[in-house]
Amino acid sequence: MGNTTRKTETKSLNRSLHNAKAAKQDEFYTQYVDIQKEVEAYLEFDPDTFRGKVVYCNCDDPFESNFFKYFAANFNKLGLKKLVTTSYDGSPIAGQGILFPEYNEGNGKRPKPKALAVILNQVKDEDGDGAANVTDVELFLKRNKAARTALKADEKYPGGDFRSRECIALLKEADIVVTNPPFSLFREYVAQLVEHGKKFLILGSQNAITFKEIFPLIKDNKLWLGVDNGGTKWFQVKDDYEIQTESRKKIVNGVKYFSMGSIMWFTNLDHGRRHQRLPLMTMGENLRFSKHKEIKGKRGYHRYDNYDAIEVPFADAIPSDYDGVMGVPITFLDKYNPDQFRILGLSRYTKTNGMSKEFVDAYYKSGQTGTISEGHPDLCYYDHSNRPVVPYMRVLIERSKGKKK
Ligand SMILES: C[S@@+](CC[C@H](N)C(=O)[O-])C[C@H]1O[C@@H](n2cnc3c(N)ncnc32)[C@H](O)[C@@H]1O
């Protein structure tokens, strides 16, 4: 075997190992309460958000997914027209379900489909106890075998893959897609929703904000953050799910949970929070009264050395009366109200004047380590004691013109 062939094979083996690892890491399941809290926030803003709509959960094994359970149990309360849920052939839990007894009956030789579409057009009070809930869904599915179909692989994708032909056909019929998709395919996943002009409410990692495919959508108000993004969200995982950090792991009643740091809702459904104005003080008031020691009692806000804007290190320290461009932390987006501010860009994708030689020299002389050199595009400034600072990525914003302060 030639060297080149061996190298290519090793590369492709590494890639498939990497993909397999990423796919395994994608297997964590959202808790019912997190879905409920988020969906209810949209209902508070507009009780008809889901009324008459076809909801599609396209990364959801109905045996496992609380998205399926939540929308099935609340089918009538939300006024859904239809609920479509598809499971994925590549999932390690594919075909293990207990909801559909026909696959568990007999001698067990009946092949279980690995990917399924479950389609609910109604949820009636099947057991006559006066409620239409998950038990009624189970009974409905028991009696109504037509409510589910096996999904087949096509020439490119396994059955139930959100990119497969059958799933795209279901997507086209849907009004709102709601799920927690595989984070490793987040870019592609969102691109597909946008391409098909769908409404969506999905979970993703805070990092995704900074992706070059995602940030422009945020900037253009085609995608924004949902409501419940604070705090730690815990996701259910299988016992063999690898969790390196002890503090990100917990076991409750024998069930393993994992917390992944900053997980956020991404959506294009309107909600009340994005119309709340961030209460702010003027620049003068901030310099006198701010709770942040970096601002209170200081001469002024820092100006970047290589870009015409001021550095605002905390969202609640944005001066209400400043008319120019401001660099704010990414966490600002959780408080972003498009009537109050306009997003101009992300520092990572903004053309600055580059770092000057003086700045770079002063930076290394001050004992800091990092990889900068003359012309480096990151924003930078000198602080009040003349120490050179390179802040973490900033969102560049300005006050919406013609709006009240
Ligand atoms: C982060 S998990 C969330 C599962 C479920 N939506 C929930 O929130 O409980 C992502 C799921 O997407 C499935 N998945 C991975 N790749 C997929 C693909 N290409 N198409 C559809 N589903 C996929 C995985 O099997 C996994 O169950």
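Let me start with a definition: two strands pair if DSSP finds at least two bridges between them. Strands themselves are DSSP E runs of at least two residues, and helices are H or I runs of at least four, both numbered from the N terminus.

Now the model. It is predicted: local features need pLDDT of at least 70, side-chain atom pairs count only at pLDDT 80 or more, and totals for chains, interfaces and linings use all residues. Residues are numbered from 1 along each chain as its sequence is written.

First, the sheet. Three strands make an open sheet, in the order β8-β10-β9, with antiparallel pairing. β8 (234-237) and β9 (249-252) are the edges; each has a single partner strand, so one side of each has no neighbour in the sheet. From one strand to the next, the twist averages 35 degrees; that is an angle on a scale of 0 to 180 degrees between N-to-C directions, with axes fitted to C-alpha atoms. Four bridges link β9 to β10 (residues 255-259). Which residue of β10 is the bridge partner of Lys 250? Tyr 257.

Next, β11 (residues 263-267). All five of its five residues are buried, so the strand is largely enclosed by the rest of the structure. Buried means 20 or more other C-beta atoms within 10 Å of the residue's own, with C-beta atoms placed from the backbone; exposed means 12 or fewer, and partly exposed is in between. Ile 263, Trp 265 and Thr 267 point one way, Met 264 and Phe 266 the other. β6 (residues 199-205) joins β11 through five bridges, antiparallel. There, Gly 204 stands opposite Met 264. β7 also pairs with β11 in the antiparallel sense, over two bridges. Here Leu 225 faces Phe 266 as its opposite.

On to the domains. The assignment gives domain 1 (24-275) and domain 2 (283-399); such bounds come from an automatic or database domain assignment. Their C-alpha centres lie 38 Å apart.

Last, the core. The largest nonpolar core has 86 residues, and Val 55, Phe 71, Ala 72 and Phe 75 touch the most other members. Such a core is a set of buried Ala, Val, Leu, Ile, Met, Phe, Trp, Tyr and Cys residues joined through C-beta atoms within 7 Å. Helix α3 (residues 66-73) gives the most, six residues.
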